[in-house]
Amino acid sequence: MAQRAIVFPGQGSQAIGMQAELFEALATVRDTYAEASDALGVDLAALRASGPETSINATENTQPLLLTAGVAVWRAYTDAGGQAPAYVAGHSLGEYTALCCAGAIAFADAVRLVRDRGRFMQSAVPVGAGAMAVVLGLDDDAVREICDAATDGDDLVAAVNFNAPGQVAIAGTRAAVERATEAAKAAGARRAMLLPVSVPSHCALMRPAAEALAGPLAETELKAPSIPVVNNVDVALVSEPDAIRDALLRQLYNPVQWVASVEWLRDNGVTALAEFGPSKVLAGLVRRIDKTLQMDAIDSPAAIEALVAAPEA
């Protein structure tokens, strides 16, 4: 039987003024932002509406803001009578949103946890010492080889986000990332450019962040999810709380296997996906991974209504 999955985006999907239509139209969305703001002591609704950009892009703010955005759409969808999907998944930070919507972690706990995650990620590497870049037009193995060649001991770079065929993000120390981008261009990459981020996510430089997050994560109550969650690091379904914690910690310093996750969903009967969040980033990636999959970005009241009314995928 054909099935639907709901997916949640990670960092990079934020923008000043995001979800304005949903926020104005739906009390559920406004209430979700208010609940998150109360949990943090920060006015996320004001941050969403007017920034400033430096604040909305600070990872300790970006992470709870995007989790809130995803949960807001989820709550609006379920309030409208939307049915639980066969699976949920999220890209990097989005995995926390998926776990929250699947009932594995309480919303207020999740908001606080991802703020800690952002703080620990930022403190693991001094601003300016790390970097990320995206490489377009080379296959995964070629990017891995380039990163291996550009690494010199602790001056390292690795392939960290396998986002779509021919689109791989790399991360590491700034010098090594710059060497790798130049090597990628020389190897025929269509583009290889630095990303405007201050944290080199999902590489070995994030091990200190994982060590710091272990404490708060151990203190956070987790339950078996009511909807299967496909995780990033293993492309697997994990339901035991300690196994979920372990996967979330390893996720910080291991690659995001987004292509493999989408292919897993497809191979397990999913024919349609819906992105719950403030952008269409994952929608674009999914279409590049497999054009046969139906993919919708749910970012307005009308889109929610259409998804609720849609027949089974």
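Start by selecting Tyr-33 and the residues around it: leaving out neighbours up to four places away in sequence, Tyr-33 touches Met-18, Gln-19, Phe-23, Leu-44, Ala-45, Arg-48, Leu-65, Thr-68, Ala-69 and Ala-72. Contact here means heavy atoms within 4.5 Å. The model is predicted, so local features need pLDDT of at least 70 and side-chain atom pairs count only at pLDDT 80 or more, while totals for chains, interfaces and linings use all residues. Residues are numbered from 1 along each chain as its sequence is written, and side-chain values use heavy atoms, with hydrogens and water left out.

**The cores**

Tyr-33 is one of the residues with the most contacts inside the largest nonpolar core, which has 68 residues. A nonpolar core is a set of buried Ala, Val, Leu, Ile, Met, Phe, Trp, Tyr and Cys residues joined through side-chain atoms within 4.5 Å. Buried means under 20% relative accessible area, exposed over 50%, and partly exposed in between, with a 1.4 Å probe and protein chains only. Now colour helix 5 (residues 59–79), which gives this core its largest share, 10 residues. Helices (H or I, at least four residues) and strands (E, at least two) are DSSP runs, numbered from the N terminus. A second, separate core has 24 residues, among them Trp-264, Leu-265, Val-286 and Leu-293.

Next, show the open sheet whose five strands run in the order 7-2-1-8-9 with parallel pairing. Two strands pair if DSSP finds at least two bridges between them. Strand 7 (229–230) and strand 9 (294–298) are the edges; each has a single partner strand, so one side of each has no neighbour in the sheet. Zoom in on strand 8 (residues 270–276), which pairs with strand 9 in the parallel sense over five bridges. Ala-274 has Asp-296 of strand 9 as its bridge partner.

Two helices to display with the sheet come next. Helix 14 (residues 301–309) packs on the sheet and touches strand 1, strand 8 and strand 9, with its direction at about 140 degrees to that of strand 9. Helix 6 (residues 94–101) lies across strand 1 (3–8), strand 2 (87–90) and strand 7, and runs at about 150 degrees to strand 2. Axes are lines fitted to C-alpha atoms, for helices over the stretch in contact, and angles run from 0 to 180 degrees between N-to-C directions.

**Inside helix 6**

Select Thr-97, which is in helix 6. Is Thr-97 buried or exposed? Thr-97 is buried, with a relative accessible area of 1%. Apart from residues up to four places away in sequence, Thr-97 touches Phe-8, Leu-67, Gly-70 and Val-71.

**Cysteines**

How many disulfides does the structure hold? There are zero disulfides, a disulfide being a pair of cysteine sulfur atoms within 2.5 Å. Cys-100 is in no disulfide, and its nearest cysteine sulfur, that of Cys-101, is 5.4 Å away. Cys-100 is buried, at 11% relative accessibility. Move to Cys-147, whose sulfur is 10 Å from the closest cysteine sulfur, in Cys-203, too far for a bond. Cys-147 is also buried, at 1% relative accessibility.

**Helix 13**

Select helix 13 (residues 281–289) and show Leu-282, Ala-283, Leu-285, Val-286 and Ile-289, which are buried. Looking down the axis of helix 13, these buried residues fall within an arc of 165 degrees, so they line one face of the helix. The arc is that of the directions from the helix axis to the C-beta atoms. The buried residues of helix 13 pack against strand 1, strand 4 (157–164), strand 5 (167–173), helix 12 (258–267), strand 8 and strand 9.

**Loops and backbone**

Go to the loop between strand 6 (191–194) and helix 10 (207–219), where Ser-201 is found. Ser-201 is buried, at 9% relative accessibility. Its contacts, leaving aside neighbours within four places in sequence, are Met-121, Met-132, Val-160, Ala-171, Met-206 and Leu-252. His-202 is in the loop between strand 6 and helix 10 and has a positive phi of about 65 degrees although it is not a glycine.

Val-235, in the loop between strand 7 and helix 11 (241–252), has a positive phi of about 50 degrees and is not a glycine. End at Pro-52, in the loop between helix 3 (44–50) and helix 4 (53–56). A cis peptide bond joins Gly-51 and Pro-52, with omega about 10 degrees.
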